[in-house]
Amino acid sequence: QVQLVESGGGLVQAGGSLRLSCAASGSLFSINVMGWYRQAPGKQRELVASITSGGGITNYAMSVKGRFTISVDNAKNRAYLQMNSLKSEDTGVYYCNRQQLLGTSMKDYWGQGTQVTVSS
């Protein structure tokens, strides 16, 4: 089993910055994908950013490209999301996600989420 705990959310003014952190523990395998998703009120959960194990490949939603940066610290089993130039539309609950191989398929694990509110 894998546990993910997010931190770093809060209330920030438009144009400001926040840094989210995700601590992973449990049965961690080296081949994995870490990601951040968000869900705004009344909307579906969407991918914000992801990064493959070892930091090899990153992927960003078009709406956050150039403003957000995902990174991992494998020694600390942590993932981060640096969010700059925040906009009101970035408001939502941000979830940490980890995908890792279990048997012959990838399994998803989720954190409990952290609220980000951007005031305009």
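R67 counts as buried, at 10% relative accessibility, in what is a predicted model. Its salt-bridge partner is D90, with the closest N and O atoms 2.8 Å apart; because D90 lies in the loop between β8 and β9 and R67 in the loop between β6 and β7, the pair ties together parts that are 23 residues apart in sequence. D90 is buried as well, with a relative accessible area of 0%. The structure holds 3 salt bridges, and those that share partners join R38, E46, R67 and D90 into one network.

| Salt bridge | Closest N to O distance |
|---|---|
| D90 and R38 | 2.9 Å |
| D90 and R67 | 2.8 Å |

F68 is in contact with R38 and D90, and its other contacts beyond four places in sequence include V48, L81, M83 and Y94. The largest nonpolar core has 26 residues, and F68 is among those with the most contacts inside it, as are L4 and W36. Strand β3 gives the largest share of this core, 4 residues.

Strand β11, residues 114–119, has a covered face formed by T114, V116 and V118, while Q115, T117 and S119 make up the uncovered one. In regular strands, side chains alternate between the two faces of the sheet. Strand β2 pairs with β11 in the parallel sense over 4 bridges, with V12 opposite V118, whereas β9 runs antiparallel to β11 and is joined to it by 3 bridges, with V93 opposite Q115.

Definitions and conventions: Residues numbered from 1 in each chain as written. Predicted model: local features only at pLDDT ≥ 70, side-chain atom pairs only at ≥ 80, totals over all residues. Heavy atoms only, no water. Buried < 20%, exposed > 50% of the residue type's maximum accessible area, 1.4 Å probe, protein only. Helix = DSSP H or I, 4+ residues; strand = E, 2+ residues; numbered from the N terminus. Pairing = 2+ DSSP bridges. Core = buried A, V, L, I, M, F, W, Y, C linked by side-chain atoms within 4.5 Å. Contact = heavy atoms within 4.5 Å. Salt bridge = Lys/Arg side-chain N within 4 Å of Asp/Glu carboxyl O.
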